[in-house]
Amino acid sequence: MQTTSFKMFVIVTFLYVDIDECSTSSHSCDVNAVCSNTVGSYACACKAGFTGDGNTCTDIDECTLGTHNCHSSLASCTNTVGSFSCSCNSPSRGDGRTCNLPSGNQLAEY
Ligand SMILES: [Ca+2]
């Protein structure tokens, strides 16, 4: 019974003295990582669009890797930090994901 009380005391004390490294900026997470406080420690995970171990995160070049969702034949992909952008090549128009050629063009059905 006394041992159980001591264990509870240790657990409660441990929880009480936990420091939230994420809110005190005493963590080593990359600026492009998400910090998660854990009891007695913390964890770092790179944000979407970045790769690494959490302490170091680097941009993923979706355009070079081909993991973008720009239109396959009518758009250009531009890599950005944390993301990428798509733009339809002239004379096609659209949001970069969907591009349509002006009516009358043979490829208008794309
Ligand atoms: Ca990127």
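The model is a predicted one, in which local features require pLDDT of at least 70 and side-chain atom pairs count only at pLDDT 80 or more, while totals for chains, interfaces and linings use all residues. Residue numbers start from 1 along each chain as its sequence is written.

The chain contains three helices and eight strands; these are DSSP runs numbered from the N terminus, with helices being H or I of at least four residues and strands E of at least two. Read from the N terminus, the order of elements is α-α-β-β-β-β-α-β-β-β-β. Of the 110 residues, 22% count as buried, a label given when 20 or more other C-beta atoms lie within 10 Å of a residue's own; with 12 or fewer the residue is exposed, in between it is partly exposed, and C-beta atoms are placed from the backbone.

The largest nonpolar core is made up of seven residues, namely Cys29, Ala33, Cys44, Cys46, Phe50, Cys57 and Ile60. Such a core is a set of buried Ala, Val, Leu, Ile, Met, Phe, Trp, Tyr and Cys residues joined through C-beta atoms within 7 Å. Apart from this core lies another, of six residues, including Cys70, Leu74, Ala75 and Cys86. In soluble globular proteins, nonpolar side chains tend to be buried together.

Turning to the strands, strand 5 (residues 75–80) and strand 6 pair in the antiparallel sense over six bridges, where pairing calls for at least two DSSP bridges between the strands. Within this pairing, Thr78 has Ser85 in strand 6 as its bridge partner. Two residues lie between the strands of the hairpin, in which Gly82 adopts a positive phi near 90°. Cys77 also belongs to strand 5, and is partly exposed, with 19 other C-beta atoms within 10 Å. Beyond neighbours within four places in sequence, Cys77 is in contact (C-beta atoms, placed from the backbone, within 7 Å) with Glu62, Cys63, His68, Cys70, Phe84 and Cys86. The C-alpha atoms of Cys77 and Cys88, 11 residues apart along the chain, are separated by 9.0 Å.

Two further backbone features deserve a look. Most residues other than glycine have a negative phi, and most peptide bonds are trans. Ser25, although not a glycine, has a positive phi of about 60°. Ser25 sits in the loop between helix 2 (21–24) and strand 1 (33–38) and is exposed, with 8 other C-beta atoms within 10 Å. Ser90 and Pro91 are joined by a cis peptide bond, with omega about 10°; Pro91 is found in the loop between strand 6 (83–88) and strand 7 (93–94).

Conventions. Two residues are in contact if their C-beta atoms, placed from the backbone, lie within 7 Å.
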